[in-house]
Amino acid sequence: MSEPFMFNEQQVNNVEDLIETCQKFPDEAINYLLREDFEKWLVYIHRIDLASNAEQERKAPESDEEKLHQFIANCQKKKSDIITNQ
C-alpha cells in the first residue's frame, strides 16, 4: 500500500480523495500544485498520466486558480474514463 499524501492535515489516499480535498482547500491545493508535490505523489502512486497533467497545468500561462481548476477537471475526466472503460 502506498503512503497517503498529507494535505492540510488530511490523508489523501487516492485520486478521488485528491479531487475532493483540492475543492475544499483551493489555496493549499494551488501551493502543492505549484511546488510539484502533486506530480511527485501521482508518480509515486503510478498515475503518470495525472502527474504529466499536473506538470502541464503548472507550466500553463494561466492564473494559479485556473491551473488548479484545469487540473481538477482533468483528474475528474480521467476518473470517469476509467469507470467507463471497465
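User: Is Glu9 buried or exposed?
Analyst: Please note that this is a predicted model. Glu9 is exposed, and its relative accessible area is 78%.

User: Where is Glu9 placed?
Analyst: Glu9 lies in the loop between β1 and β2. Its phi is near 65°, a positive value in a residue other than glycine.

User: What about Asn8, what is its phi?
Analyst: Asn8 has a positive phi of about 50°, although it is not a glycine. Asn8 is also placed in the loop between β1 and β2, the latter being residues 10–12. With a relative accessible area of 30%, Asn8 is partly exposed.

User: Let us step back. How many helices and strands does the chain have?
Analyst: The chain has 5 helices and 2 strands. Along the sequence, the pattern reads β-β-α-α-α-α-α.

User: And how much of the chain is buried?
Analyst: Of the 86 residues in the chain, 36% are buried. The chain exposes about 5,400 Å², and carbon and sulfur atoms supply 47% of that area.

User: What share of the contacts joins residues at least 24 apart?
Analyst: The share is 53%, taken among contacts between residues at least 6 apart in sequence.

User: Now the helices. How do α3 and α4 cross?
Analyst: The axes of α3 (residues 37–44) and α4 (residues 48–59) come within 7 Å and cross at roughly 170°. An angle over 145 degrees counts as roughly antiparallel, and α3 and α4 are therefore roughly antiparallel to each other.

User: Which residues meet there?
Analyst: From α3, the residues are Glu39, Leu42 and Val43. They meet Ile48, Leu50, Ala51, Ala54, Glu55 and Arg58 in α4. By class, this contact of α3 with α4 has 6 nonpolar, no polar and 3 charged residues.

User: What is the crossing angle of α2 and α3?
Analyst: The axes of α2 (residues 26–34) and α3 cross at roughly 75° and come within 5 Å. That makes α2 roughly perpendicular to α3.

User: Which residues make that contact?
Analyst: Ala29, Tyr32 and Leu33 in α2 meet Asp37, Phe38 and Glu39 in α3. By class, the contact of α2 with α3 has 4 nonpolar, no polar and 2 charged residues.

User: Turning to the core: which residues touch the most other members of the largest nonpolar core?
Analyst: They are Phe7, Leu18, Cys22, Phe38, Leu42 and Phe71, in a core of 22 residues. The elements that give two or more residues to this core are β1 (5–7), α1 (15–24), α2, α3, α4 and α5 (64–85).

User: What is Leu42 in contact with, beyond its sequence neighbours within four places?
Analyst: Leu42 is in contact with Val15, Leu18, Arg47, Ile48, Leu50, Ala51 and Phe71. Two of these partners, Leu18 and Phe71, were named above with Leu42 among the core residues that touch the most other members.

User: And Cys75, is it buried or exposed?
Analyst: Cys75 is buried, with a relative accessible area of 1%. This residue is found in α5.

User: Which residues does Cys75 touch, leaving out those up to four places away?
Analyst: Cys75 touches Val15, Ile19 and Leu50. The C-alpha atoms of Cys75 and Ile19 are separated by 7.1 Å, although these residues are 56 apart along the chain.

User: Why does Asn53 count as buried?
Analyst: Asn53 counts as buried because its relative accessible area is 7%, and the cut-off for buried is under 20%. Asn53 is placed in α4. Not counting residues up to four places away in sequence, Asn53 touches Phe71 and Asn74.

Conventions
Residues are numbered from 1 along each chain as its sequence is written. This is a predicted model: local features need pLDDT of at least 70, side-chain atom pairs count only at pLDDT 80 or more; totals for chains, interfaces and linings use all residues. Side-chain values use heavy atoms; hydrogens and water are left out. Axes are lines fitted to C-alpha atoms, for helices over the stretch in contact, and angles run from 0 to 180 degrees between N-to-C directions. Helices (H or I, at least four residues) and strands (E, at least two) are DSSP runs, numbered from the N terminus. Angles under 35 degrees count as roughly parallel, over 145 as roughly antiparallel, 65 to 115 as roughly perpendicular and the rest as oblique. Contact means heavy atoms within 4.5 Å. Ala, Val, Leu, Ile, Met, Phe, Trp, Tyr, Cys and Pro count as nonpolar, Asp, Glu, Lys and Arg as charged, and the others, Gly among them, as polar. A nonpolar core is a set of buried Ala, Val, Leu, Ile, Met, Phe, Trp, Tyr and Cys residues joined through side-chain atoms within 4.5 Å. Buried means under 20% relative accessible area, exposed over 50%, partly exposed in between (1.4 Å probe, protein chains only). Accessible areas come from the Shrake-Rupley method with a 1.4 Å probe; for residues, only the protein chains shown count as cover.
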